[in-house]
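Below is a short report on one protein model.

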Amino acid sequence: MAPLLTARIQLLLLQAMGFLIGLVGRAARAFGGPKFGSKTTQPVTEPLLLLSGVQLAKLIRQRKVKCIDVIQAYINRIMDVNPLINGIVKYRFEEAEKEAHAVDIKLSEKQEDDATLEKKWPFLGVPFTVKEAFQLQGMPNSSGLVNRRNTISQTDATVVALLKEAGAIPLGITNCSELCMWYESSNKIYGRSNNPYDLQCIVGGSSGGEGCTLAAACSVIGVGSDIGGSIRMPAFFNGIFGHKPSPGVVPNKGQFPNAGGAQELFLCTGPMCRYAEDLIPMLRIMAGPGIQKLKLDEKVHLKDLKFYWMEHDGGSILMSKVDQDLIMAQKKVVAHLETMLGASVQHVKLKQMKYSFQIWVTMMSAKGHDGKEPMKFVDLLSDHGKPINPLWELIKWCLGQSVHTIPAIGLALLEEKLKYNSEKYKKFKTVEESLHTELVEMLGDDGVFLYPSHPTVAPQHHVPLTKPFNFAYTGIFNALGLPVTQCPLGLNAKGLPLGIQVVAGPYNDHLTLAVAQYLEKSFGGWVCPGKF
């Protein structure tokens, strides 16, 4: 009875912590933030903004569109919309225009045919944006930490360099949560980002600035990273596509903070975009040599796949119930796959999914293969400077004097409390191994699993503080090391995006990406904000 009683007490303590954090969230909502006259961003009127990266590259290569016109169209859109969403936090327009002119001059010389150009520079002239946590030469690289506000990147992160080598042109860097460890993108350097479908709602995190920038048609492709859902939650809340690759495929080098200990296995860099056809070309470029681990050239016959689905985590008391809107959207997908595709679709109940949060905490606190502990969050907050006292920072925050956000202070206060002792670690490590085996055996090399991207659609600002554990709907797949694509499924009655996660077995990314393209064709994909 004693271990059972202890487990129940720990769950009650977690609930109590969530309640206390929620009180702070309600207070923050009461005092509010900026109010907007309009609920959404204005709809797109420039046709160039409604083309995929692949389509833009083709038009530019074929000299049907000038690269400078594409870049200027995006700059105009950013100037109109970014003041509302605060997605891009530092522009590089002058450099982008120079690079666009250079592309046009090169193409005017007509030294290479279309096929050669496509092979050398598949994204020639295509604009893209980069999460601020990644190095982009000449741009800030603070991850929202005030101590690093003057840190300027002297080089490019590996994935950024690869995209630039493929001909893509960066327009700027996008907002994130402080140190990339919260699911609302807000910090003391750049402020808060807002959802283009409802400016009073969150954009998700930590790649939230990237999510809202893409959704608002201020960029067409972008770079994000994901250790607990930081690509997929923003992609979901903003109604776009986001892919968390299989671990070790895409290089993480050149971002701050980078992962340490066992966290290196769970941090994944990946593509974010409005159009599903850009996912595979982006992944091929971003992965570099790591692309050999995947089977992207293998043709996928969707009707031969085995589909599995589950509408919620099984009833964890730590997380919100899944919105009926999301359950209905998922059931529409299931019905479509059965009737229109003739696919095998099976409802499953994976009982251990209700321990998603506990599994994620267990795996995140594990030592690496070299025996090293992951770096403490409180140490990251000090960034090699004067150590911070989380309790003192909380007092300062209450007085409006702290340079840190309340989610960061809360995590610094609670990280040791959340860490399990050896007995609890062994227990949930065993649960993780059992769930991993169950899922991998179920999926094989020809199965995909449909699962909610989050329990709710995009909540209003500060509400995540009242529901701090909901990220586990995405975080569980980092802990399990499986590839996942978040796919948009239209809007709900209030005009907020719906979506779903498509999960496959290890290194079967080609399956989730194929399903993403099918769902886009069947359910419409990205919906332009402002048209609802």
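The report goes from the whole chain to local features.

This is a predicted model, in which local features need pLDDT of at least 70 and side-chain atom pairs count only at pLDDT 80 or more, while totals for chains, interfaces and linings use all residues. Residues are numbered from 1 along each chain as its sequence is written, and side-chain values use heavy atoms, with hydrogens and water left out.

The protein has 17 helices and 13 strands; these are DSSP runs numbered from the N terminus, helices being H or I of at least four residues and strands E of at least two. Along the principal axes, the C-alpha atoms fill a box of roughly 80 × 55 × 50 Å. The radius of gyration is 22 Å, which agrees with the value near 24 Å that a compact globule of 532 residues would have. That radius is taken over C-alpha atoms, and the globule rule is 2.2 Å times the number of residues to the power 0.38.

Eleven strands form an open sheet with mixed pairing, in the order E1-E3-E2-E6-E8-E7-E12-E13-E11-E9-E10. Its edge strands are E1 (88–91) and E10 (344–347), each of which pairs on one side only. Two strands pair if DSSP finds at least two bridges between them. On average, neighbouring strands of this sheet are turned by 25° against each other, direction ignored. Strands E12 (residues 484–491) and E13 (residues 497–504) run antiparallel and are joined by six bridges; Val 484 stands opposite Val 503 in E13.

Contact means heavy atoms within 4.5 Å. Axes are lines fitted to C-alpha atoms, for helices over the stretch in contact, and angles run from 0 to 180 degrees between N-to-C directions.

| Helix | Strands it lies across | Angle to E13 |
|---|---|---|
| H16 (residues 472–480) | E6 (221–226), E7 (241–244), E11 (447–451), E12, E13 | about 20° |
| H17 (residues 509–523) | E7, E9 (306–309), E11, E12, E13 | about 150° |

The backbone has two cis peptide bonds to note. One runs from Gly 205 to Ser 206, with omega near 10°, and Ser 206 is in the loop between strand E5 (191–192) and helix H7 (208–215). Another joins Phe 256 and Pro 257, with omega about -5°; Pro 257 is in the loop between E7 and strand E8 (268–273).

Arg 63, in the loop between helix H2 (53–61) and helix H3 (67–85), has a positive phi of about 60° although it is not a glycine. Arg 63 also lines the largest cavity, together with Lys 106, Leu 107, Glu 109, Gln 111, Glu 112 and Leu 117. A cavity is a set of points, on a 1 Å grid over the protein atoms alone, where a 1.4 Å probe fits but cannot get out; lining residues have an atom within 4 Å of a point. The largest cavity has a volume of about 50 Å³, volume being the space filled by probe spheres set on the points, which are joined across faces, edges and corners. The structure holds three cavities of 30 Å³ or more.

Methods
1 Å grid on protein atoms, 1.4 Å probe; cavity = no way out; pocket = protein on both sides within 12 Å on 5 of 7 lines; lining within 4 Å.
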